[in-house]
Amino acid sequence: MNKKKKIFVMGGDGFCGWPTSLHLSQEGHDITIIDNLSRRNIDNELEAASLTPIQPMGTRLATWKELSGQSIGFHNIDIAEEYERLLQVIMEEKPDAIIHFAEQRAAPYSMKSPKNKRYTVNNNINATHNILCAIVESGLDIHLVHLGTMGVYGYGTAGMKIPEGYLDIEVTSESGERIEQQILYPTNPGSIYHMTKSQDQLLFQYYNKNDNVRITDLHQGIVWGTNTKETKLDERLVNRFDYDGDYGTVLNRFLMQAAVGYPITVHGTGGQTRAFIHIQDTVRCIQLAIEHPPKRDERVMIFNQMTETHRVNNLAKLVSELTGGEIAYVDNPRKEAAENDLHVKNDLFLSKGLDPITLEEGLLREVTDIAKKYAHRADHTKIPATSTWTKDQQPGIPTAQ
Ligand code: NAD
């Protein structure tokens, strides 16, 4: 095993953060979760809940200790608002690495109202900036691993493979000389949420250049699946599964809709192509990122953390074939091209030994182990997407139920 590290997991109560915390603890690292439980409060606000019965943080941590013998620490801190407390725990516990999941991550929720737009901007940009500022203030050499999104690239790339963060360009100087350069791949965010992730990239570039902070930015695809090796050990460790119109990500939403006999709702033509990764591969990629930090004077390391791309329409057909569920086409609440291709480079993780779980092998297990098992907990009124990107759009609600 690699050297045991002290790791802070910001947002460690969330969908990606919880299984990552358990996996790294299982690997022998010393984990502290920092989370203000805002995601659970948003569940209360939306009157929606995880399809799976997630337990309070205290029960989660006590169960993990009982099963593994490992303690995971926990601080309830709002990292966007409570800078001094954040700095204090960093100074006291001196982490080797910080993994940053702690942002409002739903594009539809970020577009719901002016209040939601402003909350998402304040929360996400301040959270990222406070972590960077506190790392510099602490004087410690902490490796920051951030969860970004493939969505910052926008979804139209003129048939080119999206590189891992940096684009090779050639410019002509005043004297007519051709000069080659690498620049951050220009962002093209499609929602307020994606816009905050684009801003994060500039914060990383700046703090890396100015203060030599070591940063790995993982541009992640849409995560599907629910459990990992560790969360499967006991039902009290189960991971969250969002299916409501704001937080339910496309493939998990399809699986759940099919399992409860609700039409599989495709937005628009379903011609949009998206990048995907299974939650088990998410935790494995983060482990690889932690084990391979960039050097102190190296630029921000950017990985495309995805394993396959699919057209939404084809996914709906796949789920329908597996389950017999019917497909319903509804208006697209997003402002985006009806169809797009997406070609992505992900050589960096593959070169470090990632062996991806494919949709083909994992999908059916997910339907039976999770979606069907917990179907009785579903509130069908929470399934339709009600947030729209502009005021003149109507939410798309299927007629058949
Ligand atoms: P999540 O909402 O389930 O988890 C985020 C966690 O962060 C929650 O537990 C929340 O309470 C906490 N949090 C938010 N703001 C905070 C603050 N100010 N202070 C302290 N804690 C705070 O989201 P997730 O699906 O686990 O996503 C984690 C990260 O991965 C996000 O940054 C997201 O953008 C990125 N990502 C997720 C996906 C996906 O499909 N889920 C895809 C690409 C990227």
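Predicted model: local features only at pLDDT ≥ 70, side-chain atom pairs only at ≥ 80, totals over all residues.
Visitor: Where does lysine 94 lie, and what is its phi?

Guide: Helices (H or I, at least four residues) and strands (E, at least two) are DSSP runs, numbered from the N terminus. Lysine 94 belongs to the loop between H4 and E4. Its phi is near 45°, which is positive although the residue is not glycine.

Visitor: What is the phi of asparagine 212, and which elements flank its loop?

Guide: For asparagine 212, phi is near 55°, again a positive value in a residue other than glycine. The loop containing asparagine 212 runs between helix H7 (192–211) and strand E9 (215–220). With 34% relative accessibility, asparagine 212 is partly exposed. Glycine 28, which follows H1, has a positive phi near 100°.

Visitor: Which residues does glutamate 82 touch, beyond its sequence neighbours?

Guide: Contact means heavy atoms within 4.5 Å. Not counting residues up to four places away in sequence, glutamate 82 touches Asn76 and Ile77. Its side chain also reaches the backbone nitrogen of aspartate 78 at 2.6 Å. Glutamate 82 sits in the loop between strand E3 (73–75) and helix H4 (83–93), and its relative accessible area of 28% makes it partly exposed. From lysine 65, glutamate 82 is 17 residues away in sequence and 28 Å away in space, C-alpha to C-alpha.

Visitor: At what angle do the axes of H4 and H6 cross?

Guide: Two packed helices are described by the angle between their axes and the distance between the axes. Axes are lines fitted to C-alpha atoms, for helices over the stretch in contact, with angles from 0 to 180 degrees between N-to-C directions. The axes of H4 and helix H6 (residues 114–138) cross at roughly 45° and come within 10 Å. H4 is therefore oblique to H6; angles under 35 degrees count as roughly parallel, over 145 as roughly antiparallel, 65 to 115 as roughly perpendicular and the rest as oblique. On the H4 side, the contact includes Tyr83, Leu86 and Ile90, and on the H6 side it includes Asn130, Ala134 and Glu137.

Visitor: How do H1 and H3 pack, and which residues meet?

Guide: Helix H1 (residues 17–26) and helix H3 (residues 57–68) pack with axes 12 Å apart, at an angle of about 20°. The two helices are therefore roughly parallel. From H1, Trp18, Leu22, Ser25 and Gln26 meet Met57, Arg60, Leu61 and Trp64 of H3.

Visitor: How many residues of H1 are buried, and what do they pack against?

Guide: Nine of the ten residues of H1 are buried, and the helix is mostly covered. Among them are Gly17, Trp18, His23 and Ser25. The buried residues of H1 pack against H3, strand E1 (6–10), strand E2 (30–34), strand E4 (97–100) and helix H9 (279–291).

Methods
Residues numbered from 1 in each chain as written. Heavy atoms only, no water. Buried < 20%, exposed > 50% of the residue type's maximum accessible area, 1.4 Å probe, protein only. Polar contact = N/O pair within 3.5 Å; in protein donor to acceptor, adjacent residues only side chain to side chain.
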